[in-house]
Amino acid sequence: MLVSALFHRVGHGLPVLFTLCLLLVDSGRLQAQVAYTDVVPDTTLDGCCFTTLVPGQVLDWDLDGDGQAELRFEAGRHTLVDGMDTTLLSRVFVRALDSTGIATIPVQDCTSDSCARRPLGLNADDLLDGAMPTQDTAGFLAFSREAPDGSLQTGGAWLDGSDHFLGFRLIEGGFPYYGWVQLACPAPDQLVLKAWARNTFPNAPIAAGETLATTAASRATGLSGSDVGEAFNGLDLNIQANAAADESTVAAYRVFAVRSADVSTFTVHQANTAAPDRYLEVLPGGSPIDAVFGASALDSRGVPIGNFKPYRLVVLSVAAGAANANALSAPSPGVVLQPTGIPLTDLMPDVDIDGCCHPDLSSATLDSLDVNGDGRAELRFRAGWYPALAAPVQMAWVEAGDSASIAVLSGDPCGTDSCDWLPLAFNDGDLLDGALPMEPEGGYLSALRAEAGDTLRRGQWRDGNSHVLAFRFQASGQQFWGWVRLQCPDPHRIVIEEFAWNPFPSLPMLAGDLVEARPAGRATGLFGEDVADNADGRDFSIAFNAAADESGIAEYRVLAVPIGLAPDFGISQANLVPASRYLSLPPTGSGQDTVFGPLALDIAGDTVTDWHLYQAFVLSVAGGAANANALAAPSGIVELSPAGGIGTADIDLWYDLGDAGTGEDLGYRLLPTADETPIRYYGVVAVKADSAAAFDLDKALDLPVTRYQLSVPLADTIATRLNDASLDADGDPIAENRHYRLFALTFPIPGASLQRALSPPSDSVVLRETDVTPIVVVDVADNEDASDVAVTFFATSGIQGLEGWRLFLLRASDTASFSLPVAQSLGSDRYTHLEPGEATDLVRLDAGQLEAATGAPVFAGFRYVVYVMAELRNPPFPDDVLSGPSVVFELDGGVGLEADALPALELWRHGQQWHWSADPRWIGARYSLWDMAGRQLASGLLEQARGQQACPTVGLVWFRIHSAFGERRVLLAP
């Protein structure tokens with residue numbers, strides 16, 4: 001056939017010259033895939049001389065030779081006038097016509113006369129296929145906007161002076177075809193068209209700039225698929241097809257089972273890149289293809305081939321010999337796999353519900369349909385007149401009965417004078433499954449309002465033909481699908497002809513399926529229990545009663561199903577379980593009692609083991625006169641666990657680790673359980689001490705997991721801390737000066753025991769501010785050694801696990817190199833040691849203490865500072881706490897200040913009053929008073945330069961004042 005490019009001019013311009021590429025088709029053998037056209041000479045659209053954008057200079061392009069343009073290119077200028085200001089706008093624009101798609105990329109800066117997307121500038125070899133983002137719209141290739149102030153705005157990836165490719169997608173015969181156009185934009189109002197090409201195969205990709213004609217392998221023809229078995233897998237699916245006309249170009253056939261909904265988008269590219277487990281490979285042999293898929297075969301999505309899924313088959317011919325490209329066949333008609341076991345009830349004679357003579361629908365004829373003979377109605381029908389409106393309405397009505405629902409047209413209300421849903425009408429062969437919208441409601445099959453004419457929203461129930469109504473019901477705790485064939489000859493009449501239901505629980509069916517089922521007998525009375533402590537399948541015992549009739553049973557298959565999979569486990573899944581994942585037992589004529597083996601696997605392929613919950617299922621495999629397998633009702637839940645159950649953790653130590661005022665101050669040591677096998681992680685939660693007595697396992701399980709600090713089991717003691725965002729059990733932030741008790745909850749591994757265990761509470765925990773900055777009083781004696789130095793500091797009630805204190809004296813010039821590791825490494829002659837209880841209001845250093853940094857004796861006349869280190873218990877937290885330095889002082893002086901002293905502030909104590917005389921710059925500063933135990937006594941604002949105020953206690957009081965320019969700390973002595 002001849003493929004050409006047809007150009008149309010609108011506006012002004014020169015004719016376009018082009019070349020043609022021929023495609024030859026001979027006896028079904030494709031000689032070329034790519035139709036390529038070189039535009040000679042290049043076609044230029046120049047909008048320089050057009051004063052309006054429309055029409056401007058316009059080129060319409062017919063890409064497939066059908067006389068209809070698919071792309072329109074425009075170039076032009078436009079002057080926008082706003083009062084005395086003018087804006088010059090230039091642009092090159094492309095529009096998609098006739099269902100064509102343009103490869104686009106989202107942008108955020110579209111102008112008012114563009115919209116949301118711009119054409120994507122492709123480079124050579126960029127692939128165009130079904131993954132290409134396309135939009136059936138228009139967009140700028142290039143533009144510029146010259147504002148009245150002379151500023152220039154330009155845009156478009158096509159303005160870089162290089163050739164780019166515009167990707168497009170055509171729709172022909174319902175299938176997409178991909179191609180490219182080579183062009184350049186030398187200026188914002190100029191376009192140069194140079195070449196174009198398209199792939200002549202539907203759904204086949206093309207690379208940008210690709211011109212090479214390819215020779216594809218010869219394709220298989222006449223495909224058909226059929227259901228040939230009852231294996232509930234790929235063994236049921238047969239493929240038949242004619243061999244390719246020229247098998248010398250075919251190395252192999254690859255047969256794909258493609259879901260019917262996906263076949264229109266299944267491409268050669270997808271077939272070429274599919275994994276080997278997603279197709280059936282057949283070698284060419286000069287004869288028709290006739291094969292079945294394997295038991296574990298997957299469809300093109302990678303999902304196991306199974307019943308009640310509509311497929312269409314396609315064959316990929318893998319190139320060989322003279323061919324250099326694979327080729328995909330046309331798809332087969334649809335095929336659905338289904339079991340041969342659906343009971344049919346033919347109503348003889350048909351049930352005719354005629355409501356012609358009923359003045360009120362509520363009293364009209366009501367017939368109930370009990371489809372499975374259990375004494376309950378799954379469907380109810382009414383027919384009659386409804387006179388409540390201004391004009392009487394004739395209606396035929398159906399409603400769902402006990403534990404049933406019907407397939408409806410979702411979201412289409414019937415109106416105020418009717419129901420909320422319209423029952424869907426199906427034809428024979430339609431699939432009835434969980435994808436259908438189901439409602440346990442009622443709806444009208446037909447309706448006619450006398451004075452307004454026929455008001456049916458769906459007329460298929462009154463077209464003179466029979467249709468199928470789909471329903472689903474519950475029995476014995478399981479769901480079953482079914483259908484009813486009926487018609488509505490008149491608006492007030494229903495004729496019910498026959499009905500059927502699928503006896504296999506949870507399995508869908510096809511509308512109109514009439515084959516009589518002969519299922520195998522089912523086992524009954526399944527009972528499972530945990531009988532030992534081997535931590536494997538030997539602990540799992542199953543007992544059941546034999547089927548009433550074992551003549552149709554070839555074997556029983558006993559299956560261990562994890563509790564998470566049990567609710568959706570049905571006959572189709574049971575039929576697909578591999579032999580390594582069930583226990584096979586022959587029928588014996590009596591009940592059976594057995595256990596799984598030591599290496600037994602559950603249906604997911606995981607080892608049966610402790611700390612998991614299971615239900616036992618028994619599948620009766622058909623034999624003899626039976627033609628369908630049958631699944632028994634499951635056992636109760638069986639929990640496998642050792643006799644001791646799941647253990648609990650314990651919190652034996654806790655620590656106040658800092659002054660962040662959040663959970664990161666709260667450290668703890670967690671002792672693990674004796675057996676951590678079933679434990680996924682431990683969770684520690686802080687509970688307010690006054691609520692701890694009432695905090696139990698039920699309350700712990702009700703908390704969101706975000707309230708817990710989680711730790712993975714380490715088979716050892718865990719020493720860690722909460723984090724700064726931790727909340728307590730009530731959802732409040734962890735805070736200072738509040739008492740808590742810590743609990744640890746054990747979380748089991750996924751799928752393990754539902755049991756949880758809560759530890760006993762820790763001792764009461766309270767976070768305190770741990771400021772140990774020392775305050776120094778000097779010249780308490782005249783010994784000219786370290787004993788002349790007296791120190792006071794907080795008693796640090798907030799530091800837990802305290803072993804003692806170390807007081808260090810070092811020259812002010814050595815502070816830069818003094819750190820916690822240095823302090824921890826010094827010998828006992830370089831600090832004064834205090835036991836935790838020895839701290840008093842005023843502590844003198846040891847007379848023989850040397851300078852901490854240098855080891856030199858202490859002398860009068862030098863400037864010194866004091867550090868205090870808290871010695872903490874080790875383990876679990878090895879880092880002690882080191883204070884900052886005291887103020888700088890001289891041994892023969894008073895309390896010293898830094899050289900860059902703060903504004904003047906005098907403070908003194910007289911009786912129970914403290915007095916001050918301050919530089920006015922201190923006015924408005926915040927002050928606080930603390931005792932030596934670290935308790936805050938008072939706080940407020942300094943509101944005047946001179947004054948006095950009651951001091952709330954006797955003894956040493958530490959005064960702290962803060963302002964924007966600094967902080968001052970002074971010890972107020974009695």
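A salt bridge is a side-chain nitrogen of Lys or Arg within 4 Å of a carboxyl oxygen of Asp or Glu. In this predicted model, Lys-688, Asp-728, Asp-730 and Asp-732 are linked in a network of such bridges.

**Salt bridges**

Across the whole structure, a search finds 19 salt bridges. Three of them are listed below with the separation of nitrogen and oxygen.

| Arg-198 | Glu-172 | 3.2 Å |

Lys-688 belongs to strand 52 (residues 679-688), while Asp-730 sits in the loop between strand 54 (718-721) and strand 55 (739-748), so their bridge ties together parts that are 42 residues apart in sequence. Lys-688 counts as buried because its relative accessibility is 13%, and the cut-off for that class is under 20%.

The side chains of Arg-198 and Glu-172 also meet in a salt bridge. This pair links distant parts of the chain, with Arg-198 in strand 19 (residues 190-199) and Glu-172 in strand 17 (residues 164-172), 26 residues apart. Arg-198 is buried, at a relative accessible area of 5%, whereas Glu-172 is partly exposed at 24%.

**A buried glutamate without a salt bridge**

Glu-247 is located in the loop between strand 22 and strand 23 (250-259). Although buried, Glu-247 has no salt bridge; Arg-219, the nearest side chain of opposite charge, is 14 Å away. Which polar atoms, then, lie close to the side chain of Glu-247? The side chain of Tyr-253 makes a polar contact with that of Glu-247 at 2.5 Å, and the backbone nitrogen of Gly-286 is 2.7 Å from a polar atom of the Glu-247 side chain. Beyond neighbours within four places in sequence, the contacts of Glu-247 are Tyr-253, Pro-284, Gly-285 and Gly-286.

**A nonpolar surface patch**

On the surface, Val-228, Leu-235 and Val-292 form a nonpolar patch that together has about 230 Å² of accessible area. Val-228 is placed in the loop between strand 21 (221-227) and strand 22 (237-242). With a relative accessible area of 47%, Val-228 is partly exposed.

Terms used. Residues numbered from 1 in each chain as written. Predicted model: local features only at pLDDT ≥ 70, side-chain atom pairs only at ≥ 80, totals over all residues. Heavy atoms only, no water. Patch = residues over 30% accessible without salt bridge, like charges linked within 9 Å, V, L, I, M, F, W, Y side chains within 5 Å. Areas by Shrake-Rupley, 256 points an atom, 1.4 Å probe, with all protein chains shown as cover. Helix = DSSP H or I, 4+ residues; strand = E, 2+ residues; numbered from the N terminus. Buried < 20%, exposed > 50% of the residue type's maximum accessible area, 1.4 Å probe, protein only. Lys, Arg positive; Asp, Glu negative; His and termini not counted. Polar contact = N/O pair within 3.5 Å; in protein donor to acceptor, adjacent residues only side chain to side chain. Contact = heavy atoms within 4.5 Å.
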